[in-house]
Every structure is written in C-alpha cells, then in structure tokens.
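Colleague: Hi, could you walk me through this model? I have a few quick questions.

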Amino acid sequence: MDLFLDTANLDEIRQTVRLGVIRGVTTNPSLAAKEGIGDLREYRRAVQEICGIVDGPVSAEVIATELEEMVRQAREIASWAPNVVVKLPSTLSGFEAMSVLSREGLRINQTLCFSVNQALLGAHAGATFVSPFVGRLDDEGHDGMQVVGDIVDVFRRYNIGTKVLAASIRHPLHCVAAAKAGAHIATVPFKVLLQMAHHPLTDVGVARFAQDWGRVVKV
Ligand code: G3P
C-alpha cells in the first residue's frame, strides 16, 4: 500500500519527502484554508509549489458544485502542473464532470465517497482514484474500513482499475487496517505519519544500546 500525505502544508510535505516514504499528496479546500489559502489563485500557487516538491500525484479539489463551473475549474486545475489530479465529489454533477473530463484524459480523484455504490459510479465515470472517507464514516457510527474492504473486493472481482485511496485517516491503526483491507493507497495527515514512525520500545532500545556501548572500559 502506498502512502500519500494529506496536507497543504509545505513544511510537512518537504519533511516527509526527505524521509522518502510518500508517493503523493492530497489536498482539499479545508486543508488549504488551514494554511491561509482563500482563493483559486493562492491555491494554484500552493499546488504548483507542492507539485515541484513531490514527484507523484498531487490532488487538488474543485470548489464549484454546479456542473459547468465544476468542469471549467477542473480543466483549469489540471493545467497547473503535469502531476495534478483533480478531485471531484461523489455527487450527480461530480459523476457527470468525471465522465466528461476522464474522456479528455484528466486524472480524477473521486472524493467524499461513502459507499460501494458511489465508488462503482465513479469507476464507471472514469475516476483514476476513489477516496472512501474512513474517519467520517466512523464518526457517523458506520464501519469506514468495511466500506474500504468492500470496494476493494468488488473492484477486484470485476477487474476495475480504479485505485482505492483510503482517506480521512485519523490514527495509525486506520493505516494498518487499510493495508489489510487491500487499499492501494492511504492518505495520512502528518501527525499520523509521525505516530506510524514512533514506537516507545524503539526509543528505549536505542537508549539502551548507546548506554551499553559506553559501559565498556578500555584498559
Ligand atoms: O483526505 C480527506 C481528509 O482530508 C478528510 O479528513 O479528518 O477531515 O475527515 P477528515
């Protein structure tokens, strides 16, 4: 399972790229707003900077909700950099926009997906990635990871090439579960990535090795 970083924060992206563990980045309007980005021009500048740092796919989301404006914005976003992937929501307008844009060769990340049926529609409309939102399903008392697993199973059964990108990941166990469920990718917040790296026994072990090494008295 590949890892993407779910953020619009450039420092977090630089730091994680240096670690060599992420293959892409996902952003959305909320993550952009968190970085003080409030219009498309600023969003464009930030996404282009991210695309310069990251080799893999960088998802940027349309803000519009009506079909015509959605398609116009998506085309604009796709022109920002060669590795941009356009995020479109799992709505009727979103599916129609996906059909139009996928036929033009745009790569699409179907976002705000909460069911197998939505994922199937997105796949048929030509989405490259589908993003089931695990944490938000859990928040509503559903089993978000079950939805991820079910989408993986259905896509595998019918040889559907759309990649399953587990999103709305809230803690390290979500990553383990997404990998076990067969997700192709999990997009993780920076905080979760740090939590994935950390284990108290590693810290204790490193300290003990250093201590033991220093104990040898040379005569
Ligand atoms: O990748 C989608 C993610 O940014 C949403 O996460 O925690 O707002 O549900 P969250």
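Colleague: Thanks! Which helix does H174 lie in?
Modeller: H174 is part of helix 9, residues 172–181; helices are DSSP runs (H or I) of at least four residues, numbered from the N terminus. A word on the basis: this is a predicted model, where local features need pLDDT of at least 70, side-chain atom pairs count only at pLDDT 80 or more, and totals for chains, interfaces and linings use all residues. Residues are numbered from 1 along each chain as its sequence is written, and side-chain values use heavy atoms, with hydrogens and water left out.

Colleague: Is H174 buried or exposed?
Modeller: H174 is buried, because its relative accessible area is 6%; buried means under 20% with a 1.4 Å probe, counting protein chains only.

Colleague: Which side chain does the H174 side chain make a polar contact with?
Modeller: That partner is D138, at 2.9 Å. A polar contact is a pair of N or O atoms within 3.5 Å; within protein, one must be able to donate a hydrogen and the other to accept it, and residues adjacent in sequence count only if both atoms are side-chain atoms. Also, a polar atom of the H174 side chain is 3.0 Å from the backbone nitrogen of R170.

Colleague: Switching to the ligand, which oxygen distances go with S168 and R170?
Modeller: For S168, a polar side-chain atom lies 2.7 Å from a ligand oxygen. For R170, a side-chain N or O atom is 2.8 Å from an oxygen atom of the ligand.

Colleague: How much of the ligand does the protein bury?
Modeller: Taken alone, the ligand exposes 310 Å², and the protein buries 81% of that (Shrake-Rupley areas, 1.4 Å probe).

Definitions and conventions:
Helix = DSSP H or I, 4+ residues; strand = E, 2+ residues; numbered from the N terminus. Buried < 20%, exposed > 50% of the residue type's maximum accessible area, 1.4 Å probe, protein only.
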